[in-house]
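Open the model in your viewer and keep the selection tool at hand. The stops below say what to pick next and what is there.

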Amino acid sequence: MSAASAPQIIVVEPNGARRAPRTLDARGLTLGREPDNDLPLSEPLVSRHHARIDWDGARVTVNDLGSSNGAYLGDARLLPNVPQEWTPGVWLRAGSFFLGLEVADPAQTIAPQPVPRPATAPNATTNPIPV
């Protein structure tokens, strides 16, 4: 992904409504229950400062900031404070919110799967990326 093709983050509300896409730049984005987050997600299952999404110009990573209920990529629970690469087509979940990653580069665009139902017993990821 080049700087000209900055990724977009799509937030799907618990009721299924989709927010307007949010462009991800080198500053990254935070998500959580508090209004000082870049992506506020108002729900008790979401921690005040739940997770961080970063983009280094080539790849997108997600970091669970030690949230109480976890952040999930697909059905894998992220390890706290360990960045994990996020690729298009995989849903990120925080509480009852789902977030999708879209890229402008047609070679990397993968249609996201339908919003899944939350997994009943997700597992922690065993393949975090090195920092």
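Select D25 and R27. Their side chains meet in a salt bridge, at 2.5 Å from N to O. The term stands for a side-chain nitrogen of Lys or Arg within 4 Å of a carboxyl oxygen of Asp or Glu. R27 is exposed, at a relative accessible area of 66%. D25 is partly exposed, at 26%. Here buried is under 20% relative accessible area, exposed is over 50% and partly exposed lies in between, with a 1.4 Å probe and protein chains only.

Before moving on, note the ground rules. This is a predicted model, in which local features need pLDDT of at least 70 and side-chain atom pairs count only at pLDDT 80 or more, while totals for chains, interfaces and linings use all residues. Residues are numbered from 1 along each chain as its sequence is written, and side-chain values use heavy atoms, with hydrogens and water left out.

How many salt bridges does the structure hold? It holds four. Go to E13 and R19 for another of them: the closest N and O atoms are 2.5 Å apart. E13 is partly exposed, with a relative accessible area of 23%. R19 is partly exposed too, with 27%.

**The whole chain**

Zoom out and colour by secondary structure. The protein has zero helices and 12 strands. Both are DSSP runs numbered from the N terminus: helices are H or I with at least four residues, strands are E with at least two. Buried residues make up 40% of the 131 residues. The protein exposes about 7000 Å², and carbon and sulfur atoms supply 52% of that area. Accessible areas come from the Shrake-Rupley method with a 1.4 Å probe; for residues, only the protein chains shown count as cover. Now turn to contacts, meaning heavy atoms within 4.5 Å. Among those between residues at least 6 apart in sequence, 45% join residues at least 24 apart.

**The five-stranded sheet**

Select β3, β4, β5, β6 and β9. They form an open sheet in the order β4-β3-β5-β6-β9, with mixed pairing. Strands pair if DSSP finds at least two bridges between them. Which strands are at the edges? They are β4 (39-40) and β9 (84-86), each pairing on one side only.

Strand β3 (residues 29-32) runs parallel to β4, and two bridges join them. G32 stands opposite P40 in β4. Follow the loop between β3 and β4 to find P35. P35 is exposed, with a relative accessible area of 70%. Draw a distance from the C-alpha atom of P35 to that of R48: the two are separated by 8.7 Å and lie 13 residues apart along the chain.

Next, pick β5 (residues 51-55). Five bridges join β5 to β6, and the two strands run antiparallel. R52 stands opposite N63 in β6. The side chain of R52 also meets that of D54 in a salt bridge, at 3.0 Å from N to O. R52 is partly exposed, at 26% relative accessibility. D54 is partly exposed as well, with a relative accessible area of 23%. Look at the hairpin of β5 and β6, which has four residues between the strands. G57 takes a positive phi near 95° there.

Stay with β6 (residues 60-64). Are its residues mostly buried or exposed? The strand is mostly covered, and five of its five residues are buried. In a regular strand, side chains alternate between the two faces of the sheet. V60, V62 and D64 point one way from β6, while T61 and N63 point the other way.

β6 and β9 pair in the antiparallel sense over three bridges. V62 stands opposite Q84 in β9.

**Rings**

Select W91 and F98. The structure holds one aromatic pair. The ring centres of W91 and F98 are 6.2 Å apart and the planes stand at 85°, so the pair is edge-to-face. Rings of Phe, Tyr and Trp (its six-membered ring) pair if their centres lie within 6.5 Å; planes under 30 degrees apart are stacked, over 60 edge-to-face and the rest tilted. W91 is buried, at a relative accessible area of 5%. F98 is buried at 6%.

End at Y72 and R93. The charged end of R93 sits over the ring of Y72, 4.3 Å from its centre. That calls for NZ of Lys or CZ of Arg within 6 Å of the ring centre and within 35 degrees of the ring normal.
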